[in-house]
Amino acid sequence: MECSIEMSSESTQQRFAALLDEHRKIVFKVANTYANGVDDRADLAQEIASQLWRAFPKYDAQRSFSTWMYRIALNVGISFLRSHDRHAEHAVALDEALHDRADDNATDLAAEQQLRMLDGFIAKLAPLDRALLLLYLEDHRQAQIADILGTSESNVATKISRLKQRIRNHIGN
């Protein structure tokens, strides 16, 4: 009996590790959205992985793993942000490759400026709006976003529309 428990535990660990590896980008996207600085991002990524492991026994395999993972990761990210009181000074790196390309192409100052303005705008958003925008920019369907955030599709649609208008007003386009 004891041997089967160990095997079960080992297979659970292997299954979790495989799923985490397959969806690891989610962890890094959330960490980059809610933490400032390399060390804080690493700490947040580790905390997300830890919370995912703790919650894994309750994961329902009939549901989408990425949806379940986003929900936990975003909750951990929001808690991290609140506990570190970084809302006002937080900077977001949506896609470091975009930043690198903008930095490398000095002739495209307007695009670089717009990207920085967008980063500044996102940094000032409430944590849940940040989560909504992150999921929207990741091309998740409104139904998925609603499921992850625990809200209605109509609420998601309304908030996305309002965020788009705020972005247009902020960037000036």
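Modeller: Residues are numbered from 1 along each chain as its sequence is written, and side-chain values use heavy atoms, leaving out hydrogens and water. Because the model is predicted, local features need pLDDT of at least 70 and side-chain atom pairs count only at pLDDT 80 or more, while totals for chains, interfaces and linings use all residues.

Biologist: Why is Leu-115 called buried?

Modeller: Buried means under 20% relative accessible area, exposed means over 50%, and partly exposed lies in between, with a 1.4 Å probe and protein chains only. Leu-115, which has its place in helix H6 (residues 109-123), has a relative accessible area of 16%, and therefore counts as buried. Of the 173 residues of the protein, 38% count as buried.

Biologist: Which residues of helix H8 (residues 142-149) are buried, and how do you know that they line one face of the helix?

Modeller: Ile-145, Ala-146 and Ile-148 are buried in H8. Seen down the axis, the buried residues of H8 fall within an arc of 165°, so they line one face; the arc is that of the directions from the helix axis to the C-beta atoms.

Biologist: What do the buried residues of H8 pack against?

Modeller: With contact meaning heavy atoms within 4.5 Å, the buried residues of H8 pack against helix H4 (65-84), helix H7 (127-137) and helix H9 (153-171).

Notes: Helix = DSSP H or I, 4+ residues; strand = E, 2+ residues; numbered from the N terminus.
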